[in-house]
Amino acid sequence: MSTLEPHLKRVYWETTAGCNLRCIHCRRLDILDQPSPDELTTSEAKAVLGDLKAMGRPVVIFSGGEPLYRKDIFEVMSYAKNLGLPVALATNGTLVDRPLAQRIKDAGVYYASISLDGARAASHESFRGPGTFEQALRGFRAMRDAGIKVQINFTVTRANVGEVADIRALARAERAIALYLFLLVPVGCGVQIAPALMLNAEEVEAWLQWVREEDGKDALPIKAICAPQIYRLENSVPSSPSSLPASLPDRKGCLAGIHMCFISHQGDVYPCGYLPLSAGNVRQQSIRQIWESAPLLAELRDPELLQGRCGACEFKFICGGCRARAYHAYGTVQGEEPYCVYQPA
């Protein structure tokens, strides 16, 4: 049997398409200046959260847009908390001051992420706009001081890859709980900047080698995100179908549709936020029905369907390549990872 066992561990909910920023690498093209009129209603959101409780209580990450633009955000986060769901928040941080940070904490948020795309103001603001560096740091500190665990997210591109060591030092100095380094995925606004800012496969390999060598050297965890190739570097012994046990090893690389999904503000369920193919809509089906029976998700759970170098790769069961970058490059979710240098044996 070649199908990976699905277990929903994390759900990213794009609560709204409204946002106060216009980041040049945003996964969306149509960011609004106000809460989106077609977003899930409060009652629809609560119904989805109730379904998630019955599915094993995955972590729910409230994102956007900017989730703090959603008018009922504190009501729905509190509802999730009262259901017993772990509640996290992905925010750009620029709207967060100390009183708002306390409201976020009181609503049940135990974990949050703040995006910094440079170790200094000039580089960060080239992505996110004037004044946003200090505003994001203010938001980070306010939530940290309110007792929320806060990680820093950093999107790695040619424009800022030279600052990775510096952002690590900043994360340590600010007492971040972790540093997550995201490899740019060409989707939304990212499609427009990818030709100029995307690392090539060799540069990706060198960066991942750095992450592999540096993670664990101190108390700050460093994780490469949307870069499943790192699990090839971390596993010197490949697996092959003939040597696999009855149940496959747990996927560590691309988790889209296997251990995570993304719910859009309109209720569409995507394997991840960067793969623009809907598996269904929670306004027509329950999230459980979609998770358990959507053909798209079933396809993503079968490594034997992978094509090109990913299909031939000895590490496909633990890595899987980025399905979103494959889709962007080849128009199929089963294409090979275009930013990997490895040639399968």
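Which hand does the crossing of α6 and α8 have? The views below come from a predicted model, in which local features need pLDDT of at least 70, side-chain atom pairs count only at pLDDT 80 or more, and totals for chains, interfaces and linings use all residues. Residues are numbered from 1 along each chain as its sequence is written, and side-chain values use heavy atoms, without hydrogens and water.

**View A. Helices α6 and α8.** The crossing of α6 and α8 is right-handed (the near helix is turned clockwise from the far one by less than a right angle). Val164, Ala165 and Arg168 of α6 make the contact with Trp207, Trp210 and Glu214 of α8 (contact: heavy atoms within 4.5 Å). The axes of α6 (residues 164-173) and α8 (residues 201-214) come within 12 Å and cross at roughly 35°; axes are lines fitted to C-alpha atoms over the stretch in contact, with angles from 0 to 180 degrees between N-to-C directions. Helices are DSSP runs (H or I, at least four residues), numbered from the N terminus.

**View B. Phenylalanine 315 and tyrosine 342.** The ring centres of phenylalanine 315 and tyrosine 342 are 5.7 Å apart and the planes lie at 75°, so the pair is edge-to-face (centres within 6.5 Å, planes over 60 degrees apart). Phenylalanine 315 is buried, with a relative accessible area of 6%, while tyrosine 342 is partly exposed at 22% (buried: under 20%; exposed: over 50%; partly exposed: in between; 1.4 Å probe, protein chains only).

**View C. Residues 241-246.** Over residues 241-246, pLDDT stays under 50 (the predictor's confidence in each residue, from 0 to 100). Where pLDDT is low, the predicted coordinates should not be read in detail.

Notes
Helix = DSSP H or I, 4+ residues; strand = E, 2+ residues; numbered from the N terminus. Phe/Tyr/Trp six-rings, centres within 6.5 Å; stacked < 30°, edge-to-face > 60°.
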